[in-house]
Amino acid sequence: MPTLRLAPTLLITTLLGLAAPASAGDFASTLVSLPAGTGFTSLDLCTRTNTSGDDFTRVRDSFVTPVVQPLPSYWSISNKPGVSVTTSALGLVSPRTAAYRKGLGCTVVKNSFDEWLLRLQAFTPVAMPVASAAAWPAGEGLAEAGRLTPMQQNTINNLAEEIFTETATDPAKKLNTFALLVAKDGHLVFERYAPGYHRNQAQLGWSMTKSLTTLVAGVMEKEGRLRLDAPVGLKRWNYTGKAVITWRQLLSMTSGLKWDESGTANPNDVYEMLFSQYDQAAWAADKPLAATPGSSFTYSTGAHTIAMAAMKEKLGGSHQALYNYYQNKLFTPLGIRGGAIEPDYSGTPIGGARGVLRPVDWLRLGQLVANGGAWKGQQLVSPHWVQFMKTPTTANPAYAGSLWTRADNDIPPDILDYLPPDTVFFAGRHGQFVVIVPSRNLVLLRQGVAHDYPRAATQVFRTLVDLLQQGM
């Protein structure tokens, strides 16, 4: 199973030999794991409090603590609201700072000097689109429940009550649902947030960002800047065996690059990349070929960050140019307000994991897929690109062009028969979902911090089936 999307814990089994007796090998393994714990803690706290405006104590105790046990028994956390969060073990081991920059979000660094250099990087945020009172998705209008029948309204209200009611008592099994939204026939018909949350909070999508990255690439393809079956063209791959890797292969995770995102790997490639590498795309791109491109599927968060680096090169190599591009060419036409893809230290957006958008804006991306790439009479993404995104690869029937399909093993078998064949979805760690049924023009979103991912997935797809059976 894809670790970043599903894993409930980071594998920090001991800490400096204090949690349990450790051999020399165990001790070394623990030291390798620590940056994952301190990095995850700092970045999650920084993004959720500074960008999303969540409560620091709630994020620390309810969202982070269950993930990084037993680190909380030994961690030291320094929080500078609106600036940065630093976490270390015993006050000195494996420090990681997540530095916040308005408009960009948070970026991991290892020391204060690197944070200072990071803040010297030039950046100008784009102006947000003017808010419109028009109905969603054209504007910021509220849900139009009147478009549903009384029975449909009753059904969806009952389902939402179940989803937002926390039944687990163990913090490590809670679902912590933030938002549930439904769009039908291009109209927002249901919208609910948990107490303490609201519409204008951008929320981390984790691996839903992969689908977002592929839509950005789709805009570039529409403009003729890249072709699906042409080589990616990454400069560091020139004159190597990787030069033949195509955009189709990279975005469907069949590039052939060696990558281990399993829960047993130590160091795990995704955690090493996210929390210890300053140029994450370069680190991922330098992985050796382990298979012939196109021949096999390997889940890789690095793939979509490599894609971002390649797009950045096509725009001249600056982060500002790529940031301006996805904001002006995709976000602004869709009416997405205040969203960003958090960059690494090199300035490359972390296209595999760090998209932070409001739930209504993640829903817009799902609606764009349901529309076949069209928006307000304009084709933002070519229909054949959207078809690529929805079509399973021969290497893995559960995965298409950065969208999951109904063949994914997270969907309970007893639900599969009730899902239309064209069901596809964005998915991210802790139960982030945007589920799309194009044939019914139905889009459903769930966001939160689910420590029991399978239970969250079951809730989402049972809800979808119930809505479909009500004629939605």
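**View 1. Ala-370 is a buried residue, with a relative accessible area of 16%.** The model shown here and in the other views is predicted. Because residues under 20% relative accessible area are classed as buried, Ala-370 with its 16% belongs to that class. Ala-370 sits in helix α12. Leaving aside its neighbours within four places in sequence, Ala-370 is in contact with Ile-436, Asn-441 and Val-443. Leu-357 is 13 residues from Ala-370 in sequence, and the two C-alpha atoms are 19 Å apart in space.

**View 2. Helix α12 covers residues 359–370.** The helix has 12 residues, and the span from its first C-alpha to its last is 17 Å. This is close to the 16 Å expected at 1.5 Å a residue. How many of the residues of α12 are buried? The count is 12 of the 12, so α12 is largely enclosed by the rest of the structure. Among the buried residues are Pro-359, Val-360, Trp-362, Leu-363 and Leu-365. Asp-361, Arg-364 and Gln-367 are also buried in α12. Just after the helix, Gly-372 takes a positive phi of about 70°.

**View 3. The largest nonpolar core of the model has 138 residues.** Which residues have the most contacts inside this core? They are Leu-330, Leu-365, Phe-426 and Phe-461. Helix α15, residues 453–469, gives the core its largest share, 8 residues. Leu-365 is also one of the buried residues of α12. In soluble globular proteins, nonpolar side chains tend to be buried together.

**View 4. Phe-461 is in contact with residues from other parts of the sequence.** Neighbours within four places in sequence are left aside here. The contacts of Phe-461 are then Ile-411, Ile-415, Leu-419, Phe-425, Phe-433 and Val-435. Phe-461 is one of the residues with the most contacts inside the largest nonpolar core.

**View 5. A disulfide joins Cys-46 to Cys-106.** The structure holds 1 disulfide. Its sulfur atoms are 2.1 Å apart. Cys-46 lies in helix α2 (residues 24–51) and Cys-106 in strand β4 (residues 105–109), so the pair ties together parts that are 60 residues apart in sequence. A disulfide is a covalent bond between the sulfur atoms of two cysteines. The angle about the S-S bond is -80°, and the link of Cys-46 and Cys-106 is left-handed. Are these cysteines buried or exposed? Cys-46 is buried, with a relative accessible area of 0%, and Cys-106 is buried, with 2%.

Terms used. Residues are numbered from 1 along each chain as its sequence is written. This is a predicted model: local features need pLDDT of at least 70, side-chain atom pairs count only at pLDDT 80 or more; totals for chains, interfaces and linings use all residues. Side-chain values use heavy atoms; hydrogens and water are left out. A nonpolar core is a set of buried Ala, Val, Leu, Ile, Met, Phe, Trp, Tyr and Cys residues joined through side-chain atoms within 4.5 Å. Buried means under 20% relative accessible area, exposed over 50%, partly exposed in between (1.4 Å probe, protein chains only). Helices (H or I, at least four residues) and strands (E, at least two) are DSSP runs, numbered from the N terminus. Contact means heavy atoms within 4.5 Å. The expected span of a helix is 1.5 Å times one less than its number of residues. A disulfide is a pair of cysteine sulfur atoms within 2.5 Å.
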